[in-house]
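Hi everyone, thanks for making time this morning. Let me put the sequence and the structure up on the screen, and then I'll talk you through a few places in it.

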Amino acid sequence: MSKTIVLASNNAGKIKEFNTLFSQYGIEVKPQGEFNVDEAEETGLSFIENAILKARNACEHTGLASIADDSGIEVDYLDGAPGIYSARFAGEHGDNEANNALLLQKLEGVPTEQRTARFHCVLAYMRHKDDPTPLVVQGSWEGRILESSAGVEGFGYDPIFFVPEKGCSSASLPKEVKNQLSHRAKALNLLMSAFKEKNILA
Ligand SMILES: O=c1nc[nH]c2c1ncn2[C@H]1C[C@H](O)[C@@H](COP(=O)(O)OP(=O)(O)OP(=O)(O)O)O1
Ligand SMILES: [Mg+2]
């Protein structure tokens, strides 16, 4: 690979997954923490806007190309909430336990068939901070919200996300399996196709 790509994320769970996923494509990325990039303010009103804000922030602070991930969970019974606010659903950014507890509480007594939900991931690639044509791709993963936590793998909402095709929570899946099925894996697959088509990193 000829150039460094910064991964515009501070989320340890995402970074771990990306290390595995990118290595499958023979690409090395460096998390923005290695460059002391300050966290971007996620002021957008969509995953797409926030992904671009994060990618642009990382480009600006490093002078390098970057990839950002903005993701979250949409629950149908809650009209799509927590959506872009998934990381701060219960108030404090990144308090996964509180977020999961609040989501379970809001769905208390709601029957199984009304607990449908999906993970959503938007990836944005920007060559530099003024890049007028960021590459933007999306992936989603359908499932439903369990009635209690199960499993210890993954991060975030994984313990309460039921994966119908596997019959268990996403936190109960081996990492390799999540990395084949997930919203993030699907989005990255699309990004890698776009890279190929545009000879990025070729
Ligand atoms: O595969 C996943 N499995 C479980 N939970 C997940 C997943 N993917 C996203 N999520 C949840 C975690 C967090 O509550 C929110 C992402 O929020 P999001 O703003 O994109 O990330 P973040 O602030 O944690 O890190 P950063 O912005 O530095 O990448 O969605
Ligand atoms: Mg964030």
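Predicted model: local features only at pLDDT ≥ 70, side-chain atom pairs only at ≥ 80, totals over all residues.

Let's begin with ligand 1. Its shell is made up of 22 residues, and the closest are S9, N11, S71, A87 and G156. What kinds of residues are they, by class? The shell has 11 polar, 7 charged and 4 nonpolar residues. If you are wondering which element gives the most to that shell, it is strand β3, residues 65-75, with 4 residues.

Now for the annotation. An unreviewed UniProt entry lists E41 and D70 under "binding site".

Are E41 and D70 buried or exposed? Take E41 to start with. You'll find it in the loop between β2 (29-31) and α2 (47-62). D70 sits in strand β3. D70 is buried, with 28 other C-beta atoms within 10 Å, where 20 or more is enough to count as buried. Leaving out residues up to four places away in sequence, D70 touches F47, N50, A51, K54 and V122.

That brings me to helix α2. It has 16 residues and reaches 23 Å from its first C-alpha to its last, close to the 22 Å expected. Its buried residues include F47, N50, A51 and K54, and those four are also among the contacts of D70. What covers the buried residues of α2? The cover includes β1 (5-7), β3, β4 (116-126) and β5 (135-145). Just after the helix, G63 takes a positive phi of about 70°.

Last stop, the largest nonpolar core. It has 45 residues, and those touching the most other members are A51, A55, I67, L123, A124 and F161. Several elements supply at least two residues each, among them α2, β3 and α5 (183-197). The largest share, 8 residues, comes from β4. As for I67, leaving aside neighbours within four places in sequence, it is in contact with I5, L7, A8, V29, A55, L123 and Y125.

That's my tour, and I'm happy to go back to any of these spots.

Methods: Residues numbered from 1 in each chain as written. Chains lettered and ligands numbered in written order. Near = placed C-beta within 6 Å. Nonpolar A, V, L, I, M, F, W, Y, C, P; charged D, E, K, R; others polar. UniProt positions renumbered as here; feature names shortened; annotations may be inferred. Buried ≥ 20, exposed ≤ 12 C-beta atoms within 10 Å, placed from the backbone. Contact = placed C-beta atoms within 7 Å. Expected span 1.5 Å × (residues − 1). Core = buried A, V, L, I, M, F, W, Y, C linked by C-beta atoms within 7 Å.
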